[in-house]
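Please look over the notes below with the model open.

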Amino acid sequence: VVAVPGDEEGLDPAAVEAAVVRERPKLLYTVPTFQNPTGRTLSAVRRRAVAEVAARRGLWVVEDDPYGELRFEGEPVPWIAAFAQDAGAADRTALISSYSKIMAPGLRLGLLRAPAPLLRACNVAKQAADLHTPTVNQLAAARYLADNDLDAHLARVRGAYRERRDALIAGLPDALPAGSRWNRPQGGMFVWAALPAGWNATEALREVV
Ligand SMILES: Cc1ncc(COP(=O)(O)O)c(C=O)c1O
């Protein structure tokens, strides 16, 4: 695994390209929206640039988006997969998401959108790993989706997580040493805080747990 540097706007497409040239990786795995653990969201400009790197360099992109639906404010940013369509990389992007964050984690259900040949390969790989996701879980989820309004549920979920983000951010000034900095993500489950110079987060962890 080769890490790619980034900043508040997410990963740096030029660094992605440099890493692809240097390392010849099989794929780029990225969480572009409300990333775990930084809460960062990759800007539209950078998403397009990543899609263009994919097209130019023959790079596969696996875009993991379990948090995108948990947006409390601001405008949604299109998936990298959407930019890949224009960039000519649609045949090498896969989008994965999960019902864990919006419905129920215990069901172990998610979704994959990918080019047909990859879907076939994934099917075989999943069968080799666990035969298949339990039928009862799949039927329960299908029933839930048929009988309930997922959008209405999402509105409730967003409200709950927005409250938690606001409470967390309101508490940080008292909880962290002076000079700490943190972001204010427009959704998701994560806020990233940085301690001031002289503090070591790993050492501080021992005292707070
Ligand atoms: C980026 C990301 N992908 C996937 C998962 C897990 O999803 P699932 O419960 O569907 O395995 C998590 C967190 O649990 C996550 O942060």
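How far is an oxygen atom of the ligand from an N or O atom in the side chain of S98?

1. The distance from an N or O atom in the S98 side chain to an oxygen atom of the ligand is 2.6 Å, a polar contact (a pair of N or O atoms within 3.5 Å). For K101, a side-chain N or O atom is 2.5 Å from a ligand oxygen atom. Y67 also places a polar side-chain atom 2.5 Å from an oxygen atom of the ligand. The protein covers 68% of the 400 Å² of accessible area that the ligand has on its own (Shrake-Rupley method, 1.4 Å probe).

2. This is a predicted model, with local features needing pLDDT of at least 70 and side-chain atom pairs pLDDT 80 or more, while totals for chains, interfaces and linings use all residues. Residues are numbered from 1 along each chain as its sequence is written, and side-chain values use heavy atoms, with hydrogens and water left out.

3. The residues surrounding the ligand include Y29, N36, D64 and R108 (a heavy atom within 4 Å). The shell divides into four nonpolar, three polar and three charged residues.

4. Helix α3 spans residues 80-87, with I80, A81, F83 and A84 buried (under 20% relative accessible area, 1.4 Å probe, protein chains only). Helices here are DSSP runs of H or I, at least four residues, and strands are runs of E, at least two. The buried residues of α3 fall within an arc of 155 degrees seen down its axis, so they line one face of the helix; the arc is taken from the directions from the helix axis to the C-beta atoms.

5. Q85 and D86 are exposed, on the face of α3 turned away from its buried side (exposed is over 50%). Cover for the buried residues of α3 includes α2 (44-57) and β5 (93-98), by contact of heavy atoms within 4.5 Å. After α3 comes G88, with a positive phi near 85 degrees.

How values were computed: A polar contact is a pair of N or O atoms within 3.5 Å; within protein, one must be able to donate a hydrogen and the other to accept it, and residues adjacent in sequence count only if both atoms are side-chain atoms. Ala, Val, Leu, Ile, Met, Phe, Trp, Tyr, Cys and Pro count as nonpolar, Asp, Glu, Lys and Arg as charged, and the others, Gly among them, as polar.
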